[in-house]
Amino acid sequence: METFIYLLITIPIGLGFSILGIYAWKRKKPMWFWSGTEVKAGEISDVKAYNKANGIMWIIYSLVFWISAFFGVLHSDAAGVVLAVGCLGGIPILVIVYKKIYAKYHI
């Protein structure tokens, strides 16, 4: 039962970040990162490449949840470690990576 609940949490979250990555990749207008902000097309030199980089960033972050779900089936302690390290370390890394993406494509 514990494994089922763990998978019920990690799989939808992983799926959500994967879908966000695909959405960002396919989006025609520039993808935003911060809630409540908007990136205008005029401030990005190559919107398609910018969105692709954003999409890849989110898809890679979703791997934390997919890997954790996989380990959740095999060994719950390892799954918890992967999830904790991935989330706590991943969030600051997301911010840093996004800032680099924005700086690369910002006019």
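**Exercise 1. Is Ser18 buried or exposed, judged by its relative accessibility?**

Before the solution, two conventions have to be stated. The model is predicted, so that local features need pLDDT of at least 70 and side-chain atom pairs count only at pLDDT 80 or more, while totals for chains, interfaces and linings use all residues. Residues are numbered from 1 along each chain as its sequence is written, and side-chain values use heavy atoms, with hydrogens and water left out.

Step 1. Ser18 is placed in helix α1, where helices (H or I, at least four residues) and strands (E, at least two) are DSSP runs numbered from the N terminus.

Step 2. The scale to apply calls a residue buried under 20% relative accessible area, exposed over 50%, and partly exposed in between, with a 1.4 Å probe and protein chains only.

Step 3. Ser18 has 14% relative accessibility and therefore counts as buried.

Step 4. Its partners, once neighbours within four places in sequence are left aside, are Ile59, Ser62 and Trp66, contact meaning heavy atoms within 4.5 Å.

**Exercise 2. Describe the overall make-up of the protein.**

Step 1. Count the elements: the secondary structure comes to 3 helices and 0 strands, and from the N terminus on the order is α-α-α.

Step 2. Take the extent along the principal axes, where the C-alpha atoms fill a box of roughly 50 × 20 × 20 Å.

Step 3. Turn to burial and contacts: of the 107 residues, 31% count as buried, and among contacts between residues at least 6 apart in sequence, 70% join residues at least 24 apart.

**Exercise 3. Work out how each pair of helices is arranged.**

Two packed helices are described by the angle between their axes and the distance between the axes. The axes are lines fitted to C-alpha atoms, for helices over the stretch in contact, and angles run from 0 to 180 degrees between N-to-C directions. Angles under 35 degrees count as roughly parallel, over 145 as roughly antiparallel, 65 to 115 as roughly perpendicular and the rest as oblique.

Step 1. For α1 and α2, the axes come within 7 Å and cross at roughly 165 degrees, which means that α1 is roughly antiparallel to α2. This crossing is left-handed, a label given if the near helix is turned anticlockwise from the far one by less than a right angle, with right-handed used if clockwise. The contact of α1 with α2 is made by 18 nonpolar, 11 polar and 1 charged residues, where Ala, Val, Leu, Ile, Met, Phe, Trp, Tyr, Cys and Pro count as nonpolar, Asp, Glu, Lys and Arg as charged, and the others, Gly among them, as polar.

Step 2. For α2 and α3, the axes come within 9 Å and cross at roughly 175 degrees, so α2 is roughly antiparallel to α3. Here the contact residues divide into 23 nonpolar, 6 polar and no charged.

Step 3. For α1 (residues 2-26) and α3 (residues 76-105), the axes come within 12 Å and cross at roughly 25 degrees, so α1 is roughly parallel to α3. The crossing of α1 and α3 is left-handed. In this contact Glu2, Tyr6 and Thr10 of α1 meet Ser76, Ala79, Gly80 and Leu83 of α3, a set made up of 3 nonpolar, 3 polar and 1 charged residues.

**Exercise 4. Which residues have the most contacts inside the largest nonpolar core?**

Step 1. A nonpolar core is a set of buried Ala, Val, Leu, Ile, Met, Phe, Trp, Tyr and Cys residues joined through side-chain atoms within 4.5 Å.

Step 2. The largest such core has 15 residues, and Tyr50 and Met57 have the most contacts inside it. Helices α2 (47-74) and α3 each supply at least two of its residues, and α2 gives the most, with 8 residues.

Step 3. Met57 touches Phe33, Leu94, Val97, Tyr98 and Ile101, not counting residues up to four places away in sequence.
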